[in-house]
Amino acid sequence: MAIMAGVPKTPGPGQVPPAHLRVTNQDREHVVEHVKAAYAEGRFDKLEFDDRLERAMTARTHGDLVPIMNELYGANAVPQLASVPSAPVRREAPAESNERLGGAIAHLVPLIGFPIVGPLLLLLTGAKTSPYMRKHALEALNFQITVVGATVLLPLTFVGIVLVPFIWVAAVVLSVVGGISALTEGDFRYPLTLRLVK
């Protein structure tokens, strides 16, 4: 292993890590998946499967895992299998104008007197076909449930009676911010919200 200025050189893509290098849980799980696949294909009997599974799950270094992969794919294939391929990054498609409008309505409809019913209706209708609308309707619904719950429970204390008007003002401001965020494809989340609906 090459050392530069006292720091070990990290193996590049497709290179086998040094045998003494400690493995991670992800490394163990990667090899376990290959052992399970080989058993399902009939390449191992039950005793061989149990043996390799135990060796993979208790491996401490790459030197413990490489022989298992050698048995499955040969020494030449190990470099490609030693590194776990990263999952492709999935990008969401841009929200259409009607989706952005629906998301904004979910935040703003409570301001005209439908604090829970408005976002809930949007969640049960348009949000079924639009993940973007669903995300904003869920966020608005959970926030409104939190605000209504606070409005009912806080007046039971003297401090709560004083806080309720401030909560209402904050709710109006945050709903407007949420509506604007939905129109501009923002990822808005309300603060201090109990997310009871998933």
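Analyst: Contact here means heavy atoms within 4.5 Å. The model under discussion is predicted.

User: What makes Val35, Phe44, Ile68 and Glu71 contacts of arginine 52?

Analyst: Each has heavy atoms within 4.5 Å of arginine 52. Neighbours within four places in sequence are left aside in that list. Arginine 52 itself belongs to helix α2, which spans residues 46–57.

User: Why is arginine 52 called buried?

Analyst: Its relative accessible area is 13%, and buried means under 20%; therefore arginine 52 counts as buried.

User: Which residues have the most contacts inside the largest nonpolar core?

Analyst: They are Val31, Val35, Phe44, Ala56, Leu65 and Leu72, in a core of 14 residues. Two or more residues come from each of α1 (25–40), α2 and α3 (62–73). A second core of eight residues is separate, and includes Ala106, Leu123, Leu138 and Ala140.

User: What does leucine 65 touch, not counting residues up to four places away in sequence?

Analyst: Leucine 65 is in contact with Val23, Asp27, Arg28, Val31, Ala56 and Ala59.

User: How many of the residues score a pLDDT of at least 70, and where is the pLDDT below 50?

Analyst: The share scoring at least 70 is 80%, and the chain average is 79. The pLDDT is below 50 over residues 1–14, a stretch with eleven contacts in the model beyond near neighbours in sequence. Over residues 79–91 the pLDDT is also below 50, and this stretch has 14 such contacts.

Conventions:
Residues numbered from 1 in each chain as written. Predicted model: local features only at pLDDT ≥ 70, side-chain atom pairs only at ≥ 80, totals over all residues. Heavy atoms only, no water. Helix = DSSP H or I, 4+ residues; strand = E, 2+ residues; numbered from the N terminus. Buried < 20%, exposed > 50% of the residue type's maximum accessible area, 1.4 Å probe, protein only. Core = buried A, V, L, I, M, F, W, Y, C linked by side-chain atoms within 4.5 Å. pLDDT = per-residue confidence, 0-100.
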